[in-house]
Structures are given as C-alpha cells and as structure tokens.
Amino acid sequence: MIQDVLFYLFAFMTLLSAVLVVANPVSRNPVTSAMFLVLTILFMAGLFVQLHAFFLAAVQILVYAGAVIVLFLFVIMLLDLKEEQSRRIGKLGSVLGLVSVGVVFVLFNRALSGLPAKVPGATGQPSLEGLTAPLGHALFKQYLLPFEILSVLLLVAMVGVILLSKKDLR
Amino acid sequence: MSWIEHLSPTQQFVLFSTLKVLCVIVVLLPTIAYSVMAERRVSAAIQDRVGPNRVGPFGLLQPLADGLKFILKEDFTPAHVRKVFFWIAPAVAMVPAFMTMAVIPFGSTLGAQKMVIADLNVGILYTFGIVSLGVYGIILAGYASNSKYPFLGAIRSTAQMISYEIAMGLSVIPVFLCVGDLNLGQVISYQSNHGWLVLYAPVSFVIFLVAAFAETNRLPFDLPECETELVAGYHTEYSSMKFALFFLGEYANMIAASAMMVTLFFGGWTLPFFGLDQPATGILGGFLHIGIFMGKMLMFMLLFIWVRWMLPRFRYDQLMDLGWRRFVPLGLVNIVATAIFLWMRA
C-alpha cells in the first residue's frame, strides 16, 4: 500500500520535474532548468530504491546529481546565456518532440509486451538486490569485455575534449 | 513497556527510527552551537587572547546569546538578488550535512536496537552521494546573490569540491578492499576483530583527511569565502538567520566528516581494551559506546579547529595542483598497492 503510494509519488514527481526542465511556464532561466534536472534525478533514484537497487540509486545521485549537473551549472553560469532565456519552443520543435516521445513509448511498449509475465527460473528476489558484490562479479566476469570497451570509449571522449579545448595545439 | 511488544514489526521500526532521528538531531544541534564556541575559545587560546567568557559561567551561554542575536537581526534581502534561489540556498547548504549522519553507526546497541538510523548495504556510497549534493547550497547562493564576489566564490567552490571528491572517493577504496563490504557496521566489526584501519591504510587516511578539509571549506582550503580576496565569498549578500544557516552548515559538515573518519579509520564506537570492542549487552555499556564515539568525534573537531589557526591559506592554483596532480595519482597508486598486498597475502 505504502509502496504503491510512494511509487506513484516518485513517478509523478519525476515526470513533472522532467517536463519543467524543458518547458517551464514561469521561468526560462537555464539554471532553473538544471535544478529541475537535479530533482528529476533525485526522484528517479527514489524509484531505484523501490526496486531495491540501492547501488544504482546511490551512484545515480553521486555521478549525475553530484558531478555532471554541477558541471552543467558551471558552464551555464560562466557563459551567461541571455539568448537562451528569450528563446521559445517553436512549432517544429514541439511536433518533433512529441513524435520522438511517441516513438520511444511504442518501442518500450513493444519490448515490454514481448516479455513473458515471469521469467522462467527467476525467483521473487532479483540476485542483484542491494548488494554491490554481485554487481561487481557481473561487471568484471560476465560482461568484462563490453565494460572495458565502454571505459575506453569514455577515455577517448575525455582525451578528445582536452584536445579540442587546447587552443594552441601544434 | 508491554505496549511496545504489541506493535507490529513495521510499527516498531517506524517508532524507533523516529526516536533515533529525533535524538540525533537533539544532540547534533547543541554540538554544532558549542563547536562554534569551542572554535572561538581555542582560537583565543592559540592567539594568546581571552575569548568570549562573559555570558554565563566560563562564557558557556555564549551560543544562546549568539543564536538570539541572529534571530533578532534584520533579515535583509538585497534588491538585485534572484529571490527564489536566494531563499532556497541556505536550506540546501544545511540539509545534506544532517542527512549524512543517517548511516553513521554512533553506538553499538541500546537494548535490542542497533544505534544507527539506517543500516544501509551501500552506506558509504550514500554518504558520498549526499555530500556531493552539499555543493548546490554554495553554487545557488553564489548565483542567487547576482554580484561578483559571491559568484567567484561559488565558481571556485564548484571546482574545488568536485576535484577533492574524486581524491576522497579514491582514498576510501583500499579501506573497502580490506573489509570487503560497503556497510559501515561491517567496517566497524572488521576493525574490532583486526585492529583499526588507519594502521592498514595510513595513506588513505591522510588523503581523506586533507580532502575532508577541502570539502568542508575549512582553512587551509577556504577559497570559496577567502575574506582577503572575495569579501566573504558566497555568503557576502546574506545576513541574519540565513547567514547563520551557512555558518552552522559548515560546522555540521565538519561533524559529519569527523564522524566518517572515526567510523572508517578509528574503529567507530570501539576501544581495543576492557572488552569495549564488542557490542554492548546492557544499557550502561550502550551509552558508554555512544560516549566513546562522541569523544573520538570531538577530538577530530578539535583538530579541524586547531589546523585553522595554524596554517595559512593555499593559493587557488596550488589547491588544484595538490588535488589533481598529487592526490589523485597517489590515491590510484594506493589502490593498486593495497590490491597487490591483499592478493599476495591471500
């Protein structure tokens, strides 16, 4: 009962703050948008906690709310985006946005309806629940290669950014 | 007390959790107020002054007088500020410091209750997540003030806190390599069996200590407020109770950082003699453990205060250099060295 109430509360607040990130009727300030993005992430972490994925919830807050969006704010505050404040969402933009939301919704719906109601052999408790050790085993044993490839990808992006930001590069 | 047994487990959980939260806050608030007072008395002693000693016996009622002064002062909001953010910022600065206390085991047991508010499996990650939210209070204050010095203070603190969070995160990994669990209760029971972790991971402790000074904006790393360059940094435009919230938030953060260091490196509520390293059986032992924890924590608070009046402030580029070019590589080497050591031993 309380679980259901909490789920609907978190889900509603996630969606509401996500909408306020892109279409805030009161303020067109980019800093306000970034702060609503933080709220979206916090409520999403609440949803993860309800799924007993404590590790994901903590990392979600630590990485996205604690670091990535702080850097967003850093950039927004240094650039002083006056143009961004006066810009409105055009007709084309809203149509394209709605279409892409529709496509994502259909894709998710198709993918989820294809699943059996209960995966055979699965117990009620997911094996990754709460504990960090099973997650580590899965990442570093079962999915080692994809994990390492992803980390190389991140490294490439980092080196690329440093190269681009250096002005006098020989 | 028979009515407690009649409650369902959920009701008992809610009742005891609420009680623990209330007790922690009731103890924490005076501790914050008196650490401000301790700061003033210790600094006076270091500088060969007298310090506040007029209000009450030995000046012990000074925090009350300070609090009254903050409430009675005019709460002035400058005309050029961004109102909403200006009001939210002090609260955002204060709340995370309290939330980190939720996973700290501040005692063994009282009766059947474990003396920790939330016994999370991911304890340390929760703490890091909440601590990383603390930076928003300072950023929002700087942005909302809409003037140059607070803004510069906010920009500095953003870069400083993110940089030292990385060093701090890297520094605790060897601790968890030794323990094999992220739960802070497990960390303490490991220490009661094998000895304090500061002996196993001294490099980790040094990095964590320095990073804690940087994260709480204390001298020698108080660049976000840095009065000789930035007037008062991010809280230049604040007055009255709003300023007090930032000020007390800093001390609350120091208490949280001290509690973390005691838990991770100095055995939490345990002491290695008189059998004090096992969970208490009676009520008296339970209170004794809480007392031991508080004592260790206050020692670290004293260290925070002492260092402030001993060291000069770092220059900003020196601060960043120390974080990125010294502590991050050192932290990485420390992880690899600990891993190799544990592998050789196994």
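Start by selecting chain A and colouring its residues by burial: of its 170 residues, 14% count as buried. To be counted there, a residue needs 20 or more other C-beta atoms within 10 Å of its own. Keep in mind as you look around that this is a predicted model.

Take the contacts with a separation of 6 or more: residues 24 or more positions apart make up 55% of them.

Next stop: the place where the two chains touch. Select the residues in contact there, and you'll pick up 17 residues from chain A and 16 residues from chain B. Which helix gives the most to chain A's side? That's helix H3 (residues 54-79) of chain A, with 13 residues.

Move over to chain B and colour by pLDDT. The average for chain B is 83, and 97% of the residues score at least 70. Click on helix H1 (residues 2-6) of chain B, where confidence in that chain is lowest, at a mean of 70. Then jump to helix H10 (residues 202-215) of chain B, where confidence is highest, at 89.

Finally, zoom out to see both chains. For the complex, the predictor gives an ipTM of 0.79 and a pTM of 0.83.

Terms used:
Residues numbered from 1 in each chain as written. Chains lettered and ligands numbered in written order. Predicted model: local features only at pLDDT ≥ 70, side-chain atom pairs only at ≥ 80, totals over all residues. Buried ≥ 20, exposed ≤ 12 C-beta atoms within 10 Å, placed from the backbone. Contact = placed C-beta atoms within 7 Å. pLDDT = per-residue confidence, 0-100. Helix = DSSP H or I, 4+ residues; strand = E, 2+ residues; numbered from the N terminus.
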